Amino acid sequence: MPSLFCRFILLIFVVFAVVPAFAAEEFSFDLDEFEKKSLEWGGYAELKWEHTDINANSAFSLLDSYGDPRSSLDRFTTTLQLDGNFNKGVVTCNWTVQAYAQQDQEEWADNADIFDAYASIKPTPLATLDLGKKVFKWGKGYAWNPVGFIDRPKDPNNPEEAMEGYIGVGLDLIKSLPGPLQTVALTTVALPVWRDVNEDFGQRDNVNLAAKLYLLYRDVDIDLLWYTGNSRTTRYGLDFSTNLATNFEIHAEVAHIPNQSQKLLTGDGSVAIHEFADTTYLLGLRYLTESDITTIIEYYHNDDGYTENEQNRFFQLVENADRLYQASGDDALYTKANSLSQGAYGQSQSGRNYLYARVTMKEPFELLYFTPGLTAIINLDDESYSLSPEAVYTGFTNWELRLRVSLLEGASFTEYGEKQNENKLELRIRYFF
Amino acid sequence: MHKRAAFLLVFLVSTVLVTTPVWAADLDGTAILRQVDTNLQPQSYEMYRKLINIEPDGSKKEFVLYSVKKGEDKMVALFLSPASEKGRSTLRLGDNMWLYIPNVGKPIRITSLQSVVGGVFNNSDILSLDYSVEYDALNVIEEGDSYLLELKAKTNAIAYDRLKMWVNKKVKVPTTIECYAASGMLIKTLYYKETKDFGDGLVRPSVLETDSPLYKGYKSVMIYAKITKKELADEVFSLNYLARVEELR
């Protein structure tokens, strides 16, 4: 009997030891599963939990709560993104829609947006006509794109996330050539701003024009960009990227806006519109080491941003607003500060000079599909910063798990010292289908 | 006189026989390499492949790719599966490589040494051009029923500095390739297996396996399901076209 038991144990052991080895050798590939269909669709469902410790004394906490901020906030968010396309002959219809619902201790919020929905007409590989809402994503920068003249601003903390586009008509022409100039491509876009159409782009009742000329000259990608119209002022851009070695890429962007304007809090406390010529630029690199560590570094000069002195004035205004409100209940200064915050001092990266650094290590210690990383965004003028270590695991097919911590550091009257959050812990689980 | 003539004849024949192995050894590595390329794939084609990463415990992760290639240095690969990667495409023009991710919405430059799929295969394995385009044959010797070619990268933009390629003498396709860094370190070994008739005269291995001392116990496999000739416009191989590669299928 013991010998039978031993044989049984041995058999189980052999089966478990051998099956994976056989399994590994069984390769099959049924091509019928991947036949092209007219209708293709997919997307992801996401669950996110965030715990945020609030910096109760910061300017943006006071502004948000009129001097009565909470100490922490827990938020659950569920997101569903659906994308797809329908192809018939030379016409393809594409769409991406996203909906989310979130609950925290203070409120419930939900929203649904059409990120893009457009028809592409492609009579030849050389030409495409796009009609509808589309995301363009111009520029070579990873965290910021000064030349993204017809794009919404990116979130440098999540630069790879889908964004909402604008409604317009675009024509794309491509020509490949022999010789050092290998490719020439011209993209032109007409972008109207009417009632209920692209209203958040700029002034209404205008049709704006934008163009991008792309050149692949030798091994360098070059874009020349231009925008004109009455919704925003005319602007010009140039970007390039190239590989200096198999593991070393550099890129740069420069945008020039001859007539730019911004809301400014002056020394005497009044609000003025400052008009100036704006030259914003970005210099970046991407470097891969032999041990598979990817480093992205970008320097961003934001001519649209505020100097340290200008930001100090705003933070002082919020401090004064809180004193006035606590003493008398008068919220006049809070109202003024809120108005200045919107689209001006309250924008993410409202300063002048930034350094972005992101280091990720692919599959360390032979842990397949595991990628730890660290992202830093530093305001070089006031030396405040955010630091975000993270870990991403994609080992389960179609699942992505990301754990991220964000730590914000800075003295008072500095950008990151006056943000609403002190730190944040975030767990995100995403399932692709 | 007859004896003399007979001696001369014997001497000549002997000389020929003795020197013949020397001629055989004087092989043209470049010609063999070109023949290998011709036997592996047509100049312009479309192809379906499955990539399988196998972990030491036997668990697998699979990717399905659709690729098109034109001429010596133009290639595009599109991920069809799994859903998390679907729609991603990679473009290679000579030494330049870009990755397009639908959410990101614009192509970014990548390097040949990176891997968009994880595991042992890197981008240069997935977007591999003809060997004779990337490598010079430095030396060739005979080893049993194989030729052993020693190859050196033409530029430092190529992922592997040197290759040792064993080529089946009879059918002139590779059986094993060792890939070395400039430092002399063995990065990985590729094994071509299971010859299959793909039609139109193309008979070649249908499975490519790889392992690496850098990933002990891990293995990656590439299965070729379909390789057919296809005429393509040059403009298909441009950044502006990357979002539309699916339309070529």
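**Close-up views of a predicted two-chain model**

**View 1. Asp196(A) sits in the loop between S7 and strand S8 (206-217) of chain A.** Strands here are DSSP runs of E with at least two residues, helices are runs of H or I with at least four, and both are numbered from the N terminus. Residues are numbered from 1 along each chain as its sequence is written, while chains are lettered from A and ligands numbered from 1 in the order in which they are written. Back to the residue: Asp196(A) isn't a glycine, yet its phi is positive, at about 65°. It is exposed, with 7 other C-beta atoms within 10 Å. For these labels, C-beta atoms are placed from the backbone, and a residue is buried with 20 or more other C-beta atoms within 10 Å of its own, exposed with 12 or fewer, and partly exposed in between.

**View 2. Glu194(B) is another non-glycine with a positive phi, here about 50°.** This one belongs to strand S11 (residues 186-197) of chain B. Glu194(B) counts as partly exposed, with 13 C-beta neighbours inside 10 Å.

**View 3. A cis peptide bond links Ser81(B) to Pro82(B).** Omega is about 0° there. Look for Pro82(B) in the loop between S3 and strand S4 (89-93) of chain B.

**View 4. Leu31(A) touches residues of chain B.** Leu31(A) is in the loop between H1 and strand S1 (39-54) of chain A, and with 11 C-beta neighbours inside 10 Å it counts as exposed. Beyond residues up to four places away in sequence, its contacts are Tyr48(B), Ala225(B) and Lys226(B); a contact means C-beta atoms, placed from the backbone, within 7 Å. His51(A) is 20 residues from Leu31(A) in sequence, but their C-alpha atoms are 45 Å apart in space.

**View 5. The contact between the chains takes 45 residues from chain A and 52 residues from chain B.** On the chain A side, helix H1 (2-25), strand S6 (166-176), strand S7 (181-193) and strand S10 (235-245) each supply at least two residues. That side divides into 20 nonpolar, 13 polar and 12 charged residues. In this tally Ala, Val, Leu, Ile, Met, Phe, Trp, Tyr, Cys and Pro are nonpolar, Asp, Glu, Lys and Arg are charged, and the others, Gly among them, are polar. For the complex, the predictor gives an ipTM of 0.78 and a pTM of 0.83.

**View 6. Helix H2 (residues 29-40) of chain B has its buried residues on one face.** Its 12 residues reach 16 Å from first C-alpha to last, close to the 16 Å expected at 1.5 Å a residue (1.5 Å times one less than the number of residues). Gly29(B), Leu33(B) and Val36(B) are the buried ones. Down the axis of H2(B) they fall within an arc of 55°, so they line one face; the arc is that of the directions from the helix axis to the C-beta atoms. Helix H4 (131-134) and strands S7 (135-143) and S8 (146-153) of chain B are among the elements covering them.

**View 7. The largest nonpolar core has 63 residues.** A core is a set of buried Ala, Val, Leu, Ile, Met, Phe, Trp, Tyr and Cys residues joined through C-beta atoms within 7 Å. Leu65(B), Val76(B), Leu78(B), Leu91(B) and Leu149(B) touch the most other members, and strand S3 (residues 74-81) of chain B gives the most to the core, with 6 residues. Leaving aside neighbours within four places in sequence, Leu91(B) has contacts that include Val76(B), Trp98(B) and Phe237(B).

**View 8. Confidence in chain B is lowest in helix H1 (residues 2-25), at a mean of 52.** Over residues 16-25 of chain B, pLDDT stays under 50, and the model has 1 contact beyond four places in sequence for them. Where pLDDT is low, the predicted coordinates should not be read in detail. For chain B as a whole the mean is 85, and 88% of residues reach 70 or more.

Conventions
This is a predicted model: local features need pLDDT of at least 70, side-chain atom pairs count only at pLDDT 80 or more; totals for chains, interfaces and linings use all residues. Two residues are in contact if their C-beta atoms, placed from the backbone, lie within 7 Å. pLDDT is the predictor's confidence in each residue, from 0 to 100.
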